[in-house]
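My entries follow in the order in which I checked things.

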Amino acid sequence: MSVQLSLTERPSGPVLSAEAYKKIDREIAKYPADQRQSAVMSALTIAQREVGWVSPEVEAEVAAYLGMPPIAVHEVATFYNMYDLAPTGRFKLTVCTNLPCALRNANYAVETLKAKLGIGFNETTADGLFTLKEGECMGACGDAPVMLINNHRMCSWMSDDRIDALLDELRAEARGSTTRTEGGR
Ligand code: FES
């Protein structure tokens, strides 16, 4: 999906909810008054949780709100892979494929997930539930192989049984709720 919007163009209407701006303000307050740009990662995270992804409008709004060059926000959003620059499924599954996880069968877990979901990396299931991503070391090598769900919840020691149980749980969660929750995004 491609949205054409200049990185210097601030959206005319509100991009985020009042609650999201309050959360960003709390992050800004953690830094000296002349360093509000230091809250950029938190602001992008808060915006992504609300909007679902870091759209060009979100980047432009965060830049304007923090008083920093839009290209600097874009650099942050494109450097860290927890930011989604395109819409994802409700559950983003990011599998670590770095060496310690690879040595503990991460590639087998990846192939299992691909087969069960019928998608490859950077693809989303037709029902919009799952997006599969490849990730870097998550600092949990002792639990290898690991996977992150929506950047928040860690799934350790991914065996066939644990993958099956997790997918069943997430599908049940989706059936039980039609709205995104903090735990679901
Ligand atoms: S290599 Fe996978 S968590 Fe460190």
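In what order do the 5 strands of the open sheet stand? I read the order as 2-3-1-4-5, with mixed pairing. I note at once that this is a predicted model, where local features need pLDDT of at least 70, side-chain atom pairs count only at pLDDT 80 or more, and totals for chains, interfaces and linings use all residues. Residues are numbered from 1 along each chain as its sequence is written.

Terms for the entry: helices (H or I, at least four residues) and strands (E, at least two) are DSSP runs, numbered from the N terminus. Two strands pair if DSSP finds at least two bridges between them.

Strand 1 and strand 3 are parallel and share 6 bridges; F91 is opposite F130 in strand 3. Strand 1 (residues 91-96) also runs antiparallel to strand 4 (residues 147-149), with 3 bridges. On that side I found L93 opposite I149. Strand 2 and strand 3 are antiparallel with 2 bridges, and T124 has T131 as its bridge partner. These two strands make a hairpin with 5 residues between them, and G128 in the turn has a positive phi of about 75°.

**Helix 6.** I then turned to helix 6 (residues 106-117), which lies across strand 1 and strand 3 (130-135) at about 155° to strand 1. For that angle, axes are lines fitted to C-alpha atoms, for helices over the stretch in contact, and angles run from 0 to 180 degrees between N-to-C directions. Which of its residues are buried? I list A106, A109, V110, L113 and L117. Here buried means that 20 or more other C-beta atoms lie within 10 Å of the residue's own, exposed means 12 or fewer, and partly exposed is in between, with C-beta atoms placed from the backbone. Seen down the axis, the buried residues of helix 6 fall within an arc of 100° (taken from the directions from the helix axis to the C-beta atoms), so they line one face. E111 and A115, on the other side, are exposed. The cover over the buried residues includes strand 1, helix 5 (99-103), strand 3 and helix 7 (160-176). Just after helix 6, G118 has a positive phi of about 70°.

**M147.** M147 and T94 are 53 residues apart along the chain, yet their C-alpha atoms are separated by 5.4 Å.

**Cores.** A nonpolar core is a set of buried Ala, Val, Leu, Ile, Met, Phe, Trp, Tyr and Cys residues joined through C-beta atoms within 7 Å. The largest has 18 residues, of which V40, A43, L44, A47, V62 and L66 touch the most other members. Helix 2 (40-51), helix 3 (56-66) and helix 4 (70-79) each give two or more residues to this core. Helix 3 supplies the largest share, 6 residues. I also noted a second, separate core of 17 residues, with F91, A144, M147 and M158 among them.

Methods
Two residues are in contact if their C-beta atoms, placed from the backbone, lie within 7 Å.
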